[in-house]
Amino acid sequence: MKVKFSTSKITIGLIILIMTIVSSNLNWSRNHWRGILEADAKGYYAYLPAVVIYDDLNFGFFDEIEKDKYYNKNLFYNYLASSNGKIINKYYCGTALAELPFFLVAHMSSYLLDYETDGYSKLYPILINIGAVFYLLIGLLCINASMKKYGVNERHRAITMFASVFGTNLFYYVVGECGMSHAYSFAFVSMFIYYALQYFSTLQKKNILKLALLLGIIILIRPVNGLVIFMLPFAAGNVDTLKKGFSNLFENKLWTLMSFCFLLAIISIQLIIYKISTGSFFAYSYGNEGFNFLSPHIFDILFSYKKGLFLYTPLLLLSLTGGYFLWKSSKYQFYTWFGFFAIITYVFSSWWNWWYGGSFSSRVYIEYIPVFMILMGIALKEIKTKLLSRLFLVIIGLTIVVCQIQTYQYRYYDIHWSGMTKEKYWDVFMRIDKRIK
């Protein structure tokens, strides 16, 4: 019996192998594991030891862990906030929920292997890193399946997925800052898009429930990513299918009501945590931080030297080539795709800290890489001329090289986490000579 190998799935396996090797080399040896959970990642993760080990949602163990036992002046980060006179976690608990299976494995393994079971010894952060690689796998499988629905062939899907990892800041946020929420959001948004395509193509009731569950987790990880619902018109493919999809919701009232209840149940996890920790279901942990919708930084978030998405992740700019083919084949899909992109860009750029602190490129777009990769796959599929096809592949290769060099520079602070200027950018552009002397 012949075994048929899928080029796209072999590529996914190769990507995961590479990412695991890179992760182990960077993070698992010596004391490098101590840097896996840093900055915001400490806050996302802290719910797990708070609930499972310390039974303390007011985080009374913070001083013991952060200031004493594992103190490092370069990694110290205070993720605590206050509400109703009580100490709470500044961040939302969705990432911790996604990390939970890996935390439990680490907790059990630490007990069996005689490591400290305090939630912060060596195996805990390493398993979080493994968790990020696992969610990358889930995301890639869903991107692969989504592109298949658009008729993208095996070879082009393989190229697109390889580029989506090594040509974007997704690579860094899986191996470099794997405790951040983005790798997890990437997976759940990828799943949401896939099941949205499934729903509109089949109108199966079970997909209503799946979409509700996924949307709940997406919101619980990062509430602003609830904007993914504005991707539904694009996923429908045309106006008639969109209308049928929404009509189906009303025709299947029981499934729709049940799905809505599941959505609320997932979101309410955060509200229950607030109730336990503060006595109130509602708390705003970000203090004076918020959105300024009257003063968005749209150009800055996309093109600035400080943190421009398309400057530091040019592959995503290249992917917009697929928009040309959408325009030719379906004006509806063109307008719904770019309408969605306009909505998320407007909202993201309206955050008071539009560059989102210490980050590589505009990290808030990582979860929407699947949306860009659908366009990339369409472009690869539709470019028929051999010369143009080869040129497009060469440009993809160059953007991967640019991204990898810039990731390397960011890791070693040649690209500053928030202080980049035009002069600084061109001074270090593609220069690695300082590191290889």
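**Cysteines and a helix pair in a predicted model**

Biologist: In this predicted model, why is C93 called buried?

Modeller: C93 has a relative accessibility of 5%, and buried means a value under 20%, so C93 counts as buried.

Biologist: What makes C178 count as buried or exposed?

Modeller: The relative accessibility of C178 is 1%, which is again set against the cut-off of under 20%, and therefore C178 counts as buried.

Biologist: How do you know that the sulfur of C93 is too far from the closest cysteine sulfur for a bond?

Modeller: The closest cysteine sulfur to that of C93 belongs to C261 and lies 19 Å away, whereas a disulfide needs two cysteine sulfur atoms within 2.5 Å, so the distance is too far for a bond.

Biologist: And why is the sulfur of C178 too far from that of C403 for a bond?

Modeller: For C178 the closest cysteine sulfur, in C403, is 17 Å away, and because a disulfide requires a distance within 2.5 Å, this pair too is ruled out. The structure as a whole holds zero disulfides.

Biologist: Turning to the helices, what makes α17 roughly antiparallel to α18?

Modeller: Helix α17, residues 331–348, packs with helix α18, residues 369–382, at an angle of about 150°, their axes being 12 Å apart. Angles over 145 degrees count as roughly antiparallel, and therefore α17 is described in that way relative to α18.

Biologist: Which residues make the contact, and what are they by class?

Modeller: W337, F340 and F341 of α17 meet V371, F372 and L375 of α18, and by class the contact has six nonpolar residues, with no polar and no charged ones.

Key: Residues numbered from 1 in each chain as written. Predicted model: local features only at pLDDT ≥ 70, side-chain atom pairs only at ≥ 80, totals over all residues. Heavy atoms only, no water. Axes fitted to C-alpha atoms, helices over the stretch in contact; angles between N-to-C directions. Helix = DSSP H or I, 4+ residues; strand = E, 2+ residues; numbered from the N terminus. Parallel < 35°, antiparallel > 145°, perpendicular 65-115°, else oblique. Contact = heavy atoms within 4.5 Å. Nonpolar A, V, L, I, M, F, W, Y, C, P; charged D, E, K, R; others polar. Buried < 20%, exposed > 50% of the residue type's maximum accessible area, 1.4 Å probe, protein only.
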